[in-house]
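Biologist: Before we discuss any details, could you put the model on the screen, so that we can go through it together?

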Amino acid sequence: MPPYAFFHKQFVPLSEAKIGVLTHALHYGTACFEGIRGNWDSKQKRFCLFRIRDHYERMLGGCRILKIKLPYSVDKLCQLTAALLERSGYKEDVYIRPLAYKSSEAVGVRLHNLDDDFLIVMTTLPPYLDAENGVRCCTSSWRRVDDTMIPPRGKICGIYVNSALAKTEAWENGFDEAILLTQDGHVSEGSGENIFLVLGGRLITPPSSDNILMGITRDTVMKLAKNELRIDTIERQVDRSELYVAEECFFTGTAANLAPILEIDHRPIGSGKIGKVTAKLQKLFAEVMVGRNSRYPEWYYLVSPKAVRHSVVIKRESPRDLPAKP
Ligand SMILES: Cc1ncc(COP(=O)(O)O)c(C=O)c1O
């Protein structure tokens, strides 16, 4: 079964979803996206679209920043995603990428007087960081973009040049990931992850005012720590040197999951091995992300693919005909 895309308001084979070379978003980064995990539970034979509503709420926030008008509610976006997932026939974990973008084929930097469009594609995703064994990081020589430059609270495409510069610098210097500081030298986040420290038995993470993306995994981990382990999280400014003296450190993100940080700037963090709090949170997170913790039903959007479907190519289907939320 070929993979499909939702493109120009229709489900089409991925190979047919093409944009023109003058598309505004391609030239100017005028788009915003999401990364959503569809976690396949082989026992229950179903996908758990983890916190999909929160992802789409955040994307709609990014659309407001970029003046992109989408004709879909959060409910409708969830239904479109579920329908695309069913149609694509996957039986393994998938990474779902919705993109809202300035679609006019027009030259000229601006946000106004342009058409908007929306697409969804999905793919399998190899492990993004080595969450099992932990990662080695460096502090980047690049600084995190500021809210006064490109607002980091939206996953705005253009902003990811900042992340790409930092990631490649880290990789070329032999590290797994970069940690970016703010303009005034406080810890912000990884190139595609939020960061946590364990200090004095509590969790500490940079606040939204330090130009982080307000991560959904970050929020999940804070809630799991509080509800399941009775560990509070303090959201406050973090100095670079606090990273070096932390008992434990880890990244959170949809792609990275919960990835222990074992070393920063050639200094071992804590014992240099995966810490106890990190390991407990990893275990809890692994359970919730497949929809196996009944205490958090609001985080799960379950999709059970039917046994035989869509053996013929289905195109030009109206979004109005999509199945209701399962
Ligand atoms: C820059 C950045 N920070 C943090 C995150 C983590 O956010 P989330 O947990 O919502 O995936 C991501 C990933 O989307 C990201 O790109």
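Modeller: Here it is, and please keep in mind that this is a predicted model.

Biologist: Is valine 135 buried or exposed?

Modeller: Valine 135 has 22 C-beta neighbours inside 10 Å. Since a residue needs 20 or more other C-beta atoms within that distance to qualify, valine 135 counts as buried.

Biologist: In which strand is valine 135 found, and which residues does it touch beyond those up to four places away in sequence?

Modeller: Valine 135 belongs to strand E8, which covers residues 135–143. Leaving out residues up to four places away in sequence, the partners that valine 135 touches are Leu129, Asp130, Asp176, Glu177, Ala259, Ile261 and Leu262.

Biologist: How many Å apart in space are valine 135 and threonine 148?

Modeller: Along the sequence, valine 135 and threonine 148 are separated by 13 residues. Taken from C-alpha to C-alpha, the separation of valine 135 and threonine 148 in space is 31 Å.

Biologist: Is the crossing of H2 and H3 left-handed or right-handed, and which residues make the contact?

Modeller: The crossing of H2 and H3 is right-handed. On the H2 side the contact is made by Ile52, Arg53, Tyr56, Glu57 and Leu60, and on the H3 side by Val74, Leu77, Cys78 and Thr81. Sorted by class, the contact of H2 with H3 comprises six nonpolar, one polar and two charged residues.

Biologist: How does H5 lie relative to H7?

Modeller: Helix H5 (residues 216–229) and helix H7 (residues 276–288) have axes that come within 10 Å and cross at roughly 110 degrees. This angle makes H5, relative to H7, roughly perpendicular.

Biologist: Which residues of H5 and H7 meet, and how do they divide by class?

Modeller: From H5, the residues Thr220, Val221, Leu224, Ala225, Glu228 and Leu229 meet Lys280, Leu281, Leu284, Phe285 and Val288 of H7. The residues of this contact of H5 with H7 divide into eight nonpolar, one polar and two charged.

Biologist: What is the phi of arginine 230, and where does the residue lie?

Modeller: Most residues other than glycine have a negative phi. Arginine 230, although not a glycine, has a positive phi of about 55 degrees. With 7 other C-beta atoms within 10 Å, arginine 230 is exposed, and it lies in the loop between H5 and strand E13 (233–235).

Biologist: Finally, how compact is the chain for its length?

Modeller: The chain contains seven helices and 17 strands. Its radius of gyration is 20 Å, close to the 20 Å that the globule rule gives for 326 residues, so the chain is as compact as a globular protein of that length.

Terms used. Residues numbered from 1 in each chain as written. Predicted model: local features only at pLDDT ≥ 70, side-chain atom pairs only at ≥ 80, totals over all residues. Left-handed = near helix turned anticlockwise from the far one by under 90°. Helix = DSSP H or I, 4+ residues; strand = E, 2+ residues; numbered from the N terminus. Contact = placed C-beta atoms within 7 Å. Nonpolar A, V, L, I, M, F, W, Y, C, P; charged D, E, K, R; others polar. Rg over C-alpha atoms; globule rule 2.2 N^0.38 Å. Buried ≥ 20, exposed ≤ 12 C-beta atoms within 10 Å, placed from the backbone. Axes fitted to C-alpha atoms, helices over the stretch in contact; angles between N-to-C directions. Parallel < 35°, antiparallel > 145°, perpendicular 65-115°, else oblique.
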